[in-house]
Amino acid sequence: MAAKATVFKVLLQIADMDRHYYADHQFTLAQHPSETDTRMMVRLLAFALNASESLVFSKGLSVDDEAELWDKNLTGEIDLWVEFGQADEKWLRKACGRSKQVILYTYGGRSVPIWWQQNQQAFTRYDNLAVINLPEDAVKQMDVFVNRNMTLQVSISEGQIWLSDANNSVLIEPETLK
């Protein structure tokens, strides 16, 4: 019998001073059986960093041909495609061809610089690709927020992100690689 997804109820209160975006998002988030709590929290953080009224989680982990997080316009074109981890150049090339903007969030700690060195040259040809590295320590600290019912506040200002709930807070300072 296949393992089932774990379901989380999330209230995400976003105050993004850099983009002048202020909104509350309430949704149900399914954690794939193969997905770690850390990866799920990275997905939540990416949602907060790119939040809009039309940004949605897709079936990305279960479907090969979709982003994990995307923003489509009213005509069905993909305005934003978001991926996670240390993605393959061929996969990112495909995403860049299908979307106006692609953002890759890396979070692998010491393995990221090695992966980046191997792929940096190939990524220079994609004008619509951004690569952002999330610091390993901050990513590990986000696990403290994992709960079946989460109420999280995200404050973004001058590139710094404060993620907090009623009891904890974590400062995240992403590094832009591309």
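Trainee: Which helix and strands each supply at least two residues of the lining of the second largest pocket?
Mentor: Keep in mind that this is a predicted model. The pocket in question has a volume of about 200 Å³. Of its 13 lining residues, those closest to the centre include Leu-49 and Tyr-105. The elements that each give at least two lining residues are H1, strand E6 (99-106) and strand E9 (160-164).

Trainee: Is Ser-99 buried or exposed?
Mentor: Ser-99 sits in strand E6. Beyond its neighbours within four places in sequence, Ser-99 contacts Ile-78, Asp-79, Leu-80, Trp-81 and Asn-128. A polar atom of the Ser-99 side chain is 3.3 Å from the backbone oxygen of Ile-78. Its relative accessibility is 6%, and the cut-off is under 20%, so Ser-99 is buried.

Trainee: Why does Glu-35 count as buried?
Mentor: Glu-35 lies in the loop between strand E2 (21-31) and helix H1 (37-50). Buried means under 20% relative accessible area. Glu-35 counts as buried because its relative accessibility is 7%.

Trainee: Which side chain does the side chain of Glu-35 join in a polar contact of 2.7 Å?
Mentor: Start from the loop between strand E2 and helix H1, where Glu-35 lies. At 2.7 Å, the partner side chain is that of Arg-43.

Note on methods. Residues are numbered from 1 along each chain as its sequence is written. This is a predicted model: local features need pLDDT of at least 70, side-chain atom pairs count only at pLDDT 80 or more; totals for chains, interfaces and linings use all residues. Side-chain values use heavy atoms; hydrogens and water are left out. Helices (H or I, at least four residues) and strands (E, at least two) are DSSP runs, numbered from the N terminus. Buried means under 20% relative accessible area, exposed over 50%, partly exposed in between (1.4 Å probe, protein chains only). A polar contact is a pair of N or O atoms within 3.5 Å; within protein, one must be able to donate a hydrogen and the other to accept it, and residues adjacent in sequence count only if both atoms are side-chain atoms. On a 1 Å grid over the protein atoms alone, a cavity is a set of points where a 1.4 Å probe fits but cannot get out, and a pocket is an open set with protein on both sides within 12 Å along at least five of seven lines; lining residues have an atom within 4 Å of a point. Grid points are joined across faces, edges and corners, and a volume is the space filled by probe spheres set on the points. Contact means heavy atoms within 4.5 Å.
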